[in-house]
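Biologist: I am new to this structure and would like a close look at one part of it. Please take me to the open sheet and the loop residue beside one of its strands.

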Amino acid sequence: MSIHPTAILQRREMIHLGRRAQVGEYAIIRAHEHPVRIGAFGQVVPFAVILGGFGVTIGDNVMIAPHVVIAAGNHDYVQTEK
């Protein structure tokens, strides 16, 4: 596992990085109530952003390209008046 010193990982205890996963320069990973999981040999390259509101799972051998934003969330569909 390799995390660049400029990368930002918020709620680190909820972020699970697989074997030899890499987080590049200025990448941002934010976990909220559910974990963010990145599989073995996964790469979050420079300036990529993962916002794991309702959890994110990225498999083994996956590279997230530069400047990509992944935002996991959900909406309350019961309150349609909002």
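Modeller: What follows goes from the whole chain to the sheet, and then to one tyrosine.

This is a predicted model, where local features need pLDDT of at least 70, side-chain atom pairs count only at pLDDT 80 or more, and totals for chains, interfaces and linings use all residues. Residues are numbered from 1 along each chain as its sequence is written, and side-chain values use heavy atoms, with hydrogens and water left out.

Start with the chain. It has zero helices and 11 strands. Helices (H or I, at least four residues) and strands (E, at least two) are DSSP runs, numbered from the N terminus. The C-alpha atoms fill a box of roughly 45 × 20 × 20 Å along the principal axes. Of the 82 residues, 34% are buried. Buried means under 20% relative accessible area, exposed means over 50%, and partly exposed lies in between (1.4 Å probe, protein chains only). Now take contacts between residues at least 6 apart in sequence: 0% of them join residues at least 24 apart. A contact here means heavy atoms within 4.5 Å.

Next, the sheet. Four strands form an open sheet in the order β2-β5-β8-β11, with parallel pairing. Its edge strands are β2 (8–10) and β11 (69–72), and each pairs on one side only. Neighbouring strands are turned by 0 degrees against each other on average, direction ignored. The axes behind that angle are lines fitted to C-alpha atoms, for helices over the stretch in contact, and angles run from 0 to 180 degrees between N-to-C directions. Two strands pair if DSSP finds at least two bridges between them.

Look at one pair within the sheet. Strand β5 (residues 28–31) runs parallel to strand β8 (residues 49–52), and four bridges join them. Ile-28 stands opposite Val-49 in β8.

Now step back to Tyr-26. This residue lies in the loop between β4 (22–23) and β5. Is Tyr-26 buried, exposed or partly exposed? Tyr-26 counts as partly exposed because its relative accessibility is 47%. What does Tyr-26 touch, leaving aside its neighbours within four places in sequence? Its contacts are Thr-6, Ala-7, Phe-47 and Ala-48. From C-alpha to C-alpha, Tyr-26 and Phe-54 are 22 Å apart in space, and they are 28 residues apart in sequence.
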